[in-house]
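Open the model in your viewer and keep the sequence panel beside it. This tour tells you what to select next and what to look for at each stop.

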Amino acid sequence: DGAHAHPTQALLDALTIRQKKGRIEGLNVAICGDITHSRVARSNMELLTKLGANVTVIAPPTLMPTDVARYGVRTSLSLREGLRDADIVMMLR
């Protein structure tokens with residue numbers, strides 16, 4: 001729906017994760033990049049947390065949304081720290 005969300009992409013990402021890993025619940029998913037301007041990131045944060053994944057978003061402060069806490073995800077400003085225990089890594093363009 002414009003610049004807000006991309007739910008069909010999130011569904012495809014969830015399907016791919018399930019096909020490759022056999023489950024979503026309990027997996028550590030890292031989403032890296034421009035979180036503020038990414039409708040894919042917003043949709044994946046909402047869907048994957050609802051499906052039981054532990055989501056960490058990784059971005060510099062200028063690309064991290066001010067309201068990111070409302071999604072129930074972890075945040076990291078460090079790529080090295082954010083990727084430490086990741087089972088899945090999603091890189092945004």
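## Stop 1: the largest pocket

Begin with open space. The largest pocket holds about 260 Å³. Keep in mind that this is a predicted model. Rolling a probe the size of a water molecule over the atoms is how such empty space is found.

Select the lining next: Q9, D13, D34, H37, S38, R39, V40, M90, M91, L92 and R93. Colour these residues by element. α1 (7-21), α2 (39-50) and β4 each give two or more residues to the lining. The lining of the largest pocket divides into 4 nonpolar, 3 polar and 4 charged residues.

## Stop 2: S38, in the pocket lining

Zoom in on S38, one of the lining residues. S38 sits in the loop between β1 and α2. Is S38 buried or exposed? Its relative accessibility is 9%, so S38 counts as buried.

Along the chain, S38 and R93 are 55 residues apart. Draw a line between their C-alpha atoms and the separation is 8.9 Å.

## Stop 3: the sheet

Hide the side chains and show the cartoon. Select the strands. What is their order in the sheet? The sheet is open, has 4 strands, and runs β3-β2-β1-β4 with parallel pairing. Look to the edges for β3 (74-76) and β4 (88-91). Each has a single partner strand, so one side of each is left without a neighbour in the sheet.

Strands of a sheet pair through backbone hydrogen bonds, either parallel or antiparallel.

## Stop 4: β1 and β2

Select residues 28-32 for β1 and residues 54-58 for β2. These strands run parallel and are joined by 5 bridges. Step along the pair:

- V29 has V55 as its bridge partner in β2.
- I31 has V57 as its bridge partner in β2.
- C32 has I58 as its bridge partner in β2.

Switch to a surface view. How many of the 5 residues of β1 are buried? The count is 4, so β1 is largely enclosed by the rest of the structure. For β2, 4 of the 5 residues are buried, so this strand is largely enclosed by the rest of the structure too.

## Stop 5: β4

Show the side chains of β4. Which residues make up its covered face, and which its uncovered one? I88 and M90 form the covered face. V89 and M91 form the uncovered face.

## Stop 6: the salt bridges

Show the charged side chains. Side chains of opposite charge can pair when their charged atoms come close. The structure holds 2 salt bridges.

Select D67 and R70 for one of them. Their closest N and O atoms are 3.3 Å apart. D67 has 36% relative accessibility and counts as partly exposed. R70 is exposed, with a relative accessible area of 55%.

Next, select R84 and E81. Here the closest N and O atoms of the salt bridge are 2.7 Å apart. R84 is exposed at a relative accessible area of 53%. E81 is partly exposed, with 44%.

## Stop 7

Finish with two separate selections. Start with K50, in helix α2. Is K50 buried or exposed? Its relative accessibility is 65%, so K50 counts as exposed. K50 and I24 are 26 residues apart in sequence, and their C-alpha atoms are 9.9 Å apart in space.

Then go to G22, in the loop between α1 and β1. G22 counts as exposed, at 53% relative accessibility. G22 and H6 are 16 residues apart along the chain, and their C-alpha atoms are separated by 23 Å.

Notes. Residues numbered from 1 in each chain as written. Predicted model: local features only at pLDDT ≥ 70, side-chain atom pairs only at ≥ 80, totals over all residues. Heavy atoms only, no water. Pairing = 2+ DSSP bridges. 1 Å grid on protein atoms, 1.4 Å probe; cavity = no way out; pocket = protein on both sides within 12 Å on 5 of 7 lines; lining within 4 Å. Points joined across faces, edges and corners; volume = space filled by probe spheres on them. Nonpolar A, V, L, I, M, F, W, Y, C, P; charged D, E, K, R; others polar. Salt bridge = Lys/Arg side-chain N within 4 Å of Asp/Glu carboxyl O. Buried < 20%, exposed > 50% of the residue type's maximum accessible area, 1.4 Å probe, protein only.
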